[in-house]
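Student: I would like to go through this model with you, one feature at a time. Could you set out the ground rules and then take my questions?

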Amino acid sequence: MGVYLGRINEATTGRYAATMYDETGVAIDGTALTTLTLTLYDKRTNSIVNSRDAQSVKNANGVSVDSSGTLTWTIAKEDTAVVGTSQVERHVAVFAGTWDTGTKKFTHEVEFDVINLKRV
């Protein structure tokens with residue numbers, strides 16, 4: 001398990017920010033990234049949420065990165081859509097980035113619970 005954000009109501013927007021680090025603990029200059037992708041899925045069913053299956057998100061699709069290594073994800077209401085019938089769903093977001101012409105890679109995982117509001 002990576003970072004746990006807590007609970008988010010279904011169909012609710014949010015914001016997540018984190019610093020990306022290389023293997024030596026130094027912040028990765030986001031402008032040096034070759035690629036950055038996001039996969040978002042329901043942990044119980046493994047169903048992809050909001051078509052985010054290795055989706056390119058380098059300064060696109062609600063995600064930005066800056067030169068100090070800060071990754072900021074604007075969580076869309078579609079990212080908190082309930083895909084099953086459970087009262088609570090655990091969604092997992094996996095960010096994967098490459099740099100140094102693709103020879104270096106990092107992954108960063110974020111989990112959050114989506115509350116099924118039944119009437120949304």
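This is a predicted model: local features need pLDDT of at least 70, side-chain atom pairs count only at pLDDT 80 or more; totals for chains, interfaces and linings use all residues.

Tutor: Residues are numbered from 1 along each chain as its sequence is written, and side-chain values use heavy atoms, with hydrogens and water left out.

Student: How are the rings of Trp-73 and Phe-95 arranged to each other?

Tutor: Rings of Phe, Tyr and Trp (its six-membered ring) pair if their centres lie within 6.5 Å, and planes under 30 degrees apart count as stacked, over 60 as edge-to-face and the rest as tilted. A search of the whole structure finds 3 aromatic pairs. For Trp-73 and Phe-95, the centres are 5.6 Å apart and the planes stand at 75°, so the pair is edge-to-face.

Student: Which strands does the pair of Trp-73 and Phe-95 link?

Tutor: Strands (E, at least two residues) are DSSP runs, numbered from the N terminus. The two residues are 22 residues apart, and their pair links distant parts of the chain. Trp-73 lies in strand E6 (residues 70-75) and Phe-95 in strand E7 (residues 88-99).

Student: Is Trp-73 buried or exposed?

Tutor: Buried means under 20% relative accessible area, exposed over 50%, and partly exposed in between (1.4 Å probe, protein chains only). Phe-95, with 0% relative accessibility, counts as buried. Trp-73 also has 0% relative accessibility, and therefore counts as buried.

Student: How many residues of strand E3 are buried?

Tutor: Strand E3 (residues 33-42) runs antiparallel to E7, to which 9 bridges join it, and Thr-35 stands opposite Thr-98 in E7. E3 is also joined by 2 bridges to the antiparallel strand E4 (residues 55-56), where Leu-38 stands opposite Gln-55. E3 is largely enclosed by the rest of the structure, because its buried residues number 7 of the 10.

Student: Which side chain is joined to that of Asp-113 by a polar contact of 2.5 Å?

Tutor: Asp-113 lies in strand E8 (residues 104-115) and, at 8% relative accessibility, counts as buried. A polar contact is a pair of N or O atoms within 3.5 Å; within protein, one must be able to donate a hydrogen and the other to accept it, and residues adjacent in sequence count only if both atoms are side-chain atoms. The partner at 2.5 Å is Arg-90.

Student: Where is Ser-68 placed?

Tutor: Ser-68 is partly exposed, with a relative accessible area of 42%. Its side chain makes polar contacts with the side chains of Asp-66 at 2.8 Å and Thr-70 at 3.4 Å. The place of Ser-68 is the loop between E5 and E6.

Conventions:
Helices (H or I, at least four residues) and strands (E, at least two) are DSSP runs, numbered from the N terminus. Two strands pair if DSSP finds at least two bridges between them.
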